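Here is a short note for a colleague opening this structure for the first time. Please read the points with the model on screen.

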Amino acid sequence: PGFAKENPVKKCVGMMLVVVAGAWSGPYGRAQETALEDQAAAALRKACAYMRSISTNGGYVGIYSEDLTRRYGEALYEKAAPTEIWVQPPGTPSVGEAFLRAHRITGGQWYLSAAKDAARALAWGQRTTGGWDHRVYVGHLDPNAAHVVRRGQRCTFDDDITQGALNFLISLDEEIDEAWLTEAIELGFAFMMKSQFPNGAWPQWYPLRGGYHDYYTFNDRAMNDCIELMLRGHRVYGRQAYLDSAARGGDFIIVSQLPPPQAGWAQQYTHDLKPAWARRFEPPGVCSLVTVSNIHTLIDLYLYTKDKKYLEPIPEAIAWLETSKMDSGRWARLYEVGTNRPIYGDREDGNKIHYDYEKISEREKSSYGWQGDFGVPAVVARYRRVVASGTTSAGSSRPPKAAGRPGRVSPALESRVRGVMEALDEEGRWLQDGMIHSGTFVRNVNLLCDCLQSASPR
């Protein structure tokens, strides 16, 4: 769609277009009299129109060159073919969710249409088994076809890929009712249950492909996102099988907890429940980051089911976290089983355990997050609130988007929104070093939506 530019001779007409049609009214400096809400709405439409114009049959990759001749996945070393789209965040599901939120905030059907296009691309990219890979081919997508044409190959739970795609489709299903969408969601949930081991765990990939990909995998929130998805499936569709699946996942968290005094969890386990090596820089160990995620998931399960068994493993896990805090005030990501010494891996010196953080390569120090607070103080505080209240008022593990106070945009939010609007170029892009990042688009669209939601008196 085209956007009207401000005509100095017909300034009043231009202003009406901004308010009524969400059209672009020229540089922000010449639109000072326009309300922040109107400016944000115009910027939102302009940015979304550009993003939609560069889609591949409705889908997106993670990064584009300014001239659109080069396309990449999550990082610049992951080249994407012209007919490929990316499922891994911040790819197609993330962009689709941003369009959908814009529709919900503004009521604009155009945004809903863009979200639907993204969902159709995902449905065509869904594997015949029911999940997704990092990237999918959509050159065969026919928007007018009555039936989806899918292909085979394995699917992954790594990096919220299959789970994130299904979550987006569920979000769209709450807005529209179409057969192809229902089919994709039902196929996806069937895949989720088929790929789950009898003990409640999920592998990193399914069908199984060998090696660490087959292990029971918590790393990158693989199982946590699966459980969260199954709970949402039960909440939205009311199917007991989805709740049963989530409960089995929680049971696996309980059974896979390591014994005191290291009562945390590993990133991945062999099928005899031993902490396992994954990639050559990922040694087996007790993981503070995974332990935090598992505590959140156990709390979520307790709040949803009211079954106190999900709270029982948490005190010993917190005790381990508290005793493992380093002198720096941070935590190591991994601790050696038995000694509780902080351990590290290194891509440049792989397949061995390193004990001295200062001696691992500079690349490794900046690429994996070997030390940090990993949300430990926040999860401990959340658990204590839950115990004190015993109710769902303790809140979700994922904080809601800060929308602000209805009818009022805070000064801090206004400052951020104005910065985002000023950075938007005439094409409708946010450029970073000559590249267009889907993650930046998603983040800034949500910020503009926060502004519109806060400004609305509803």
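1. Start with E364. This residue is buried, with a relative accessible area of 0% (buried is under 20% relative accessible area, exposed over 50%, partly exposed in between, using a 1.4 Å probe and protein chains only). The model is a predicted one: local features need pLDDT of at least 70, side-chain atom pairs count only at pLDDT 80 or more, and totals for chains, interfaces and linings use all residues. Residues are numbered from 1 along each chain as its sequence is written, and side-chain values use heavy atoms, with hydrogens and water left out.

2. What does the side chain of E364 meet in a salt bridge? The partner is R347, at 3.1 Å from N to O (a salt bridge is a side-chain nitrogen of Lys or Arg within 4 Å of a carboxyl oxygen of Asp or Glu). The pair links distant parts of the chain, 17 residues apart. E364 sits in helix α11 (residues 362-367), and R347 in the loop between β13 (342-343) and α11. Helices (H or I, at least four residues) and strands (E, at least two) are DSSP runs, numbered from the N terminus. R347 is partly exposed, at 22% relative accessibility.

3. Now the other salt bridges. The structure holds 23 of them. Side chains of opposite charge can pair when their charged atoms come close. D349 is partly exposed at 30% relative accessible area, and K352 is partly exposed at 39%.

4. Helix α13 (residues 411-423) holds both E414 and R418, four residues apart, or about one turn of the helix. These two form a salt bridge, with the closest N and O atoms 3.0 Å apart. E414 is partly exposed, with a relative accessible area of 28%. R418 is partly exposed, also with 28%. Elsewhere, salt bridges link R104, E174, E175 and R232 in a network.

5. Turn to T217, in strand β7 (residues 216-217). Is T217 buried or exposed? It is buried, with a relative accessible area of 3%. Beyond its neighbours within four places in sequence, T217 has contacts that include W202, P203, Y212 and M223 (contact means heavy atoms within 4.5 Å). A polar atom of the T217 side chain lies 3.5 Å from the backbone nitrogen of Q204. F157 is 60 residues from T217 in sequence, yet their C-alpha atoms are 8.9 Å apart.

6. A118 belongs to helix α4 (residues 109-125). A118 is buried, at 0% relative accessibility. Leaving aside neighbours within four places in sequence, A118 is in contact with G58, Y60, T92, G96 and F168. A118 and F168 are 50 residues apart in sequence and 9.5 Å apart from C-alpha to C-alpha.

7. Last, the cavities. A search of the whole structure finds three of 30 Å³ or more (on a 1 Å grid over the protein atoms alone, a cavity is a set of points where a 1.4 Å probe fits but cannot get out; lining residues have an atom within 4 Å of a point).

Key
Polar contact = N/O pair within 3.5 Å; in protein donor to acceptor, adjacent residues only side chain to side chain. 1 Å grid on protein atoms, 1.4 Å probe; cavity = no way out; pocket = protein on both sides within 12 Å on 5 of 7 lines; lining within 4 Å. Points joined across faces, edges and corners; volume = space filled by probe spheres on them.
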